[in-house]
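Reader: Can you walk me through this one? Keep it brisk.

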Amino acid sequence: MATATNGFKQKSCGVLDEEEFYKCCRLLLQQSEQLRDGWSWEAVQGSEGYLKKTALRPVPAPQREEESGSHPQMHSTCNPSPQPPQEEQPVCVASSDPSSSSDELEDEDDNSCWVAENIGLMFQFEYHILYSCSYAVPVLYFRAFTLEGRSLTLGEVWSCVHPNFRICLQSCPLNAISQQEHPLLGQPFFVFHPCRTEDFMKPMLQAAQDQHRTVNYVLSWLSVVGPVVGLDVSLNYSLERLPGAPPCSPRQH
């Protein structure tokens, strides 16, 4: 069973084939050009290529415990069990308690100190959207740098993730964000693991089909995973009238 999506057919089972992926990318590129949102297509020799966007974002300030419940949690990607109230953020001082010398606690303290020391500083994030043949879904790769060019570590990237998202994602069997080699560039990148994408996209596509609405799979998916790593999707995409003929074709060889 299929639903019409921006002039072409798309399955409502939560995945999409490679041809549909590139059609969605073309539509996103055209809207991005009209909205001046900064997405571009990067061709790679011997491959189709990928969507790319760079953005500056500040280190987020630690959130007060009483405010943490006012933000949405990403239940749909991992469906964790209810979490206990978040403990007070560790203070950036050495502890005399020998039990706090474990690697895990040291990493948490280091990351909390890093956030405290870097609040207000800007970092450059580079986002890539590729197609995963294994999972038949889009995949978000990204990397981040200081303005001096130093790459952020995985721990520093996790520190930039909103606490509500971080609690949810780190409770999953697989760490949702990890570091892997970029499949097209052969360079180290962070990646938002696609293993749960089909699970949260299936009800979204089914709802769109039931309501006879047209959706762009890649754009809908990006609106879910992007904010986790600081990539917000403008509401203007939903207001912008979808164009008829894409001006560019990612499938050019």
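Author: By the ring rule, the count comes to 7 aromatic pairs. Rings of Phe, Tyr and Trp (its six-membered ring) pair if their centres lie within 6.5 Å; planes under 30 degrees apart count as stacked, over 60 as edge-to-face and the rest as tilted. This is a predicted model: local features need pLDDT of at least 70, side-chain atom pairs count only at pLDDT 80 or more, and totals for chains, interfaces and linings use all residues. Residues are numbered from 1 along each chain as its sequence is written, and side-chain values use heavy atoms, with hydrogens and water left out.

Reader: What kind of pair do Phe21 and Tyr22 make?

Author: The planes of Phe21 and Tyr22 are at 70 degrees, with centres 5.2 Å apart, so the pair is edge-to-face.

Reader: Is Phe21 buried or exposed? And Tyr22, buried or exposed?

Author: Phe21 is buried, at 0% relative accessibility. Tyr22 is buried too, with a relative accessible area of 4%. Buried means under 20% relative accessible area, exposed over 50%, partly exposed in between (1.4 Å probe, protein chains only).

Reader: How are the rings of Tyr127 and Phe142 arranged?

Author: Their centres are 6.3 Å apart and their planes at 35 degrees, so that pair is tilted. Tyr127 is in strand E5 and Phe142 in strand E6, so the pair links distant parts of the chain, 15 residues apart. Helices (H or I, at least four residues) and strands (E, at least two) are DSSP runs, numbered from the N terminus. Tyr127 and Phe142 are both buried.

Reader: Which residues form an aromatic cluster?

Author: Phe21, Tyr22, Trp41 and Tyr131 form one.

Reader: What sits over the ring of Phe125?

Author: The charged end of Arg57, 5.0 Å from the ring centre. The rule asks for NZ of Lys or CZ of Arg within 6 Å of the ring centre and within 35 degrees of the ring normal.

Reader: On to the core. Which residues of the largest nonpolar core touch the most other members?

Author: Trp39, Ile129, Leu140, Ile177 and Trp221, out of 47 residues. A nonpolar core is a set of buried Ala, Val, Leu, Ile, Met, Phe, Trp, Tyr and Cys residues joined through side-chain atoms within 4.5 Å.

Reader: Which element gives the largest share of this core?

Author: H7, with 7 residues.

Reader: What is Trp39 in contact with?

Author: Leaving aside neighbours within four places in sequence, its contacts (heavy atoms within 4.5 Å) include Leu28, Tyr127, Ile129, Leu222 and Tyr237.

Reader: How many disulfides?

Author: The count comes to 0, taking a disulfide as a pair of cysteine sulfur atoms within 2.5 Å.

Reader: How many residues of H5 are buried?

Author: H5 is mostly covered, with 6 of its 8 residues buried. Among them are Asn164, Arg166 and Cys168.

Reader: Last one. Where is Ser178, and what does it touch?

Author: Ser178 is in strand E7, residues 177–181. Not counting residues up to four places away in sequence, Ser178 touches Leu154, Phe189, Phe190 and Val191. Ser178 is buried, with a relative accessible area of 18%.
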